[in-house]
Amino acid sequence: MKTLSLKGDAMKDMTRRDALWMTAGLLAVAVVPLPVDAADTAMEEIRQFTGGSEAAESGKISLEMPEIAENGNTVPLTVSVDSPMSGDDYVKRVMVLADANPRPGVATFHFSPKSGVAEASTRMRLARTQNVIAVAEMSDGSFHMAKATVKVTIGGCGG
Amino acid sequence: MLSRRDFLQVALATGVLARGLTGRRAFAAGSALTQSDLLAFEPLGNVTLLHVTDMHAQLVPLYFREPSINIGVGEVSGLPPHVTGKAFLEKYGLEAGSAGAYALSDQGFESLARDYGRVGGADRLATLLKAVRAERPDNTLFLDGGDTWQGSYTSYQTQGADMVRVMNALGTDAMTAHWEFTYGTERVNELLEQLAFPFLAQNVRDTDWEEPVFDRVAYFERGGVKVAVIGQAFPYTPVANPRYKIPTWSFGIREEAVQQQVDEARSEGAELVVLLSHNGFDVDRKLASRVQGIDVVLTGHTHDALPDVVQVNKTLLVASGSHGKFLSRLDLDVRDGEVKGYRYKLMPVFSDVITPDPEVTALIGEIREPHKAELERVLGQTETMLYRRGNFNGTFDDLICQALLEERDAEISLSPGFRWGASLLPGQDITVEDLHNLTSITYPAAYRTEMTGAFLKTVLEDVADNLFNPDPYYQQGGDMVRVGGLGYSIDPAESIGKRVTDMTFLASGEPIEADKSYTVAGWASVNEGTEGPPIWDVVESYVRRKGSVKITPNDSVKVAGL
């Protein structure tokens, strides 16, 4: 089974420059035919992120995204995790994936108790209708997950 | 505890709307009804909400036939508003042939239209509004759900200014919007300068910083009650309509933001929280089940007319129809920060029995005067009923599709599944005004292009999923795209990619081939730079050539389960 190795890029600290680079990267690969196993690739990414631990859809993560994208080339996302962000109970990092993009990895955000709140916003390109998945690693070693379906349509006949 | 001290108010105290008119052939049916029958209402509590929505710029009386088919999928299957025809009459206790049956269903429409006459008219609406305000001077709030500035010849010619004048004259207290945005950013901002009341849209943000573009909430004091009205514009405006006209505005349902607005309103001391919404009924029903603290949702967009409120937990949902055909009145007893009781009535605006308000009649005359000759110009006649509303096809759309095929020399035609557009009775003239009532948009170019069978299938599947996605939050609220020269079968209960089958090229009777190219004519493309003559020129040319049109029932779309 063919898998795309994304670890090196997607796991880096998210800086503004990286985000721009990543967008450019996605634009460049968009012409590559969609791998049939994109969703498998996403699952593999999650498995590597959690080291095989289970990530529960516990409601701890809020993933704010449009249900239908207005422009698939730049879809806004805000991810936040319910956490006191104290010295012994905080969110360490949050990974965001788009499970049907040619390269599912979107970003990984790193936090510390000094972050105050575990919340981050970015924009992503979505090749087609798919699930966007956020996985959070907590300071106690547990993992949480949230999922949102974002539809990318050709539009035009409402009203 | 919310109590419903009410019987079905469409039935009225006298039962005059629900009852069939015995021997109605012997009398002019209109004379059996009076303005006071329509207005009759035993007041309740301290706040009266009046609501109209989706007028689509209709200033003068018209005919409007309600849909025969309005399918609900998933959890809402068989629930209002997904009940039509006979089943609707039975559900709401309306006799066949009654005024209620005429106003609210397709049953016996043609003959009842001749008996009961036209509906709507902004001057008739003004009379009803004034009467309620006279009765409840300090308690009444009049709210408009949007889709008010678009849909007629005069609104197109004045780029919405005619409707702004009329809304100001009607004493509108607040509005939200959808088609208003199709005039583009600059024009919307100009018109907002002329509005005498708030334009509310909590869910519109600028695309750069996600900051609010419009006022999100307005507060009113009515009957000693602090009322918060939160506006919710149509969430999918940049998807269903051209994004290039409003490139810096972003929409969406933004459920979390609705909750936040409600909470803020409560903390500001609002005792009654109203969502003035253009979400569409199913979206609002879901929203009401998930957002806490909304007392009333005044729904819009999907053009449903329901003679009773739908209650979701503690939230009341009102559906006031379209085209100025109805005015909703909801009386509320608000005490100790909550709604203790309510009474509701969907008032049909039967034009012939309401004395027009002279001031608004004069204003409408002034607006129409410069365009009189063009409005009245006759293009031809129709031998058969012309209407649009329904999930799959309407006879006026069949006419448009036929015009596109013949005038643009195409093999297949596509026409958008809009829900607005007045109806014409057999024997009526087709005027320029009538044609604009079905086509008046700011992106009217009738394109001619090549599409493969595979792409046509994608188009049909995409639109079907906008209509039949089992999760209302993914629905855009239009009807199915109309087709000419093409037949297909559809199973709404299936998932995207699997609903549409048996696509047939009607000219040959052969199946549509996935990799074959077809010449397709259509209109209302949301893409910038679309070229072609305006759709009204295409249809005018066809109707004038034919002189008289006759649309036979369209049986080329087969729907599973019907």
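## Helix α12 of chain B

The face of α12(B) turned away from its buried side carries two exposed residues, B:Pro358 and B:Glu366. This is a predicted model, so keep that in mind while you look around.

On the buried side of this helix, which spans residues 358-368, sit B:Val360, B:Leu363, B:Ile364 and B:Ile367. Looking down the axis of α12(B), you'd see its buried residues fall within an arc of 100 degrees, so they line one face of the helix. What do they pack against?

## The largest nonpolar core

The largest nonpolar core has 198 residues. Those with the most contacts inside it come from chains A and B: A:Val94, A:Val96, B:Val229, B:Leu272 and B:Val274. As for elements, α14(B) gives the largest share of this core, seven residues. Domain 1 (3-366) and domain 2 (377-559) of chain B both supply residues to this core, so it lies between them.

Take A:Val96 from that list: leaving out residues up to four places away in sequence, A:Val96 touches A:Leu77, A:Val79, A:Val106, A:Ala107, A:Val132 and A:Ala134.

## A buried arginine in a loop

B:Arg389 lies in the chain B loop between β15 (378-382) and α14 (395-407). Is B:Arg389 buried or exposed? With 24 other C-beta atoms within 10 Å, B:Arg389 is buried, because 20 or more is the cut-off.

B:Pro67 is 322 residues away along the chain, yet the C-alpha atoms of B:Arg389 and B:Pro67 are separated by 5.1 Å. Neighbours within four places in sequence aside, B:Arg389 is in contact with B:Arg65, B:Glu66, B:Pro67, B:Gly394 and B:Arg419.

Note on methods:
Residues numbered from 1 in each chain as written. Chains lettered and ligands numbered in written order. Predicted model: local features only at pLDDT ≥ 70, side-chain atom pairs only at ≥ 80, totals over all residues. Helix = DSSP H or I, 4+ residues; strand = E, 2+ residues; numbered from the N terminus. Buried ≥ 20, exposed ≤ 12 C-beta atoms within 10 Å, placed from the backbone. Contact = placed C-beta atoms within 7 Å. Core = buried A, V, L, I, M, F, W, Y, C linked by C-beta atoms within 7 Å. Domains from an automatic or database assignment. Arc of directions from axis to C-beta.
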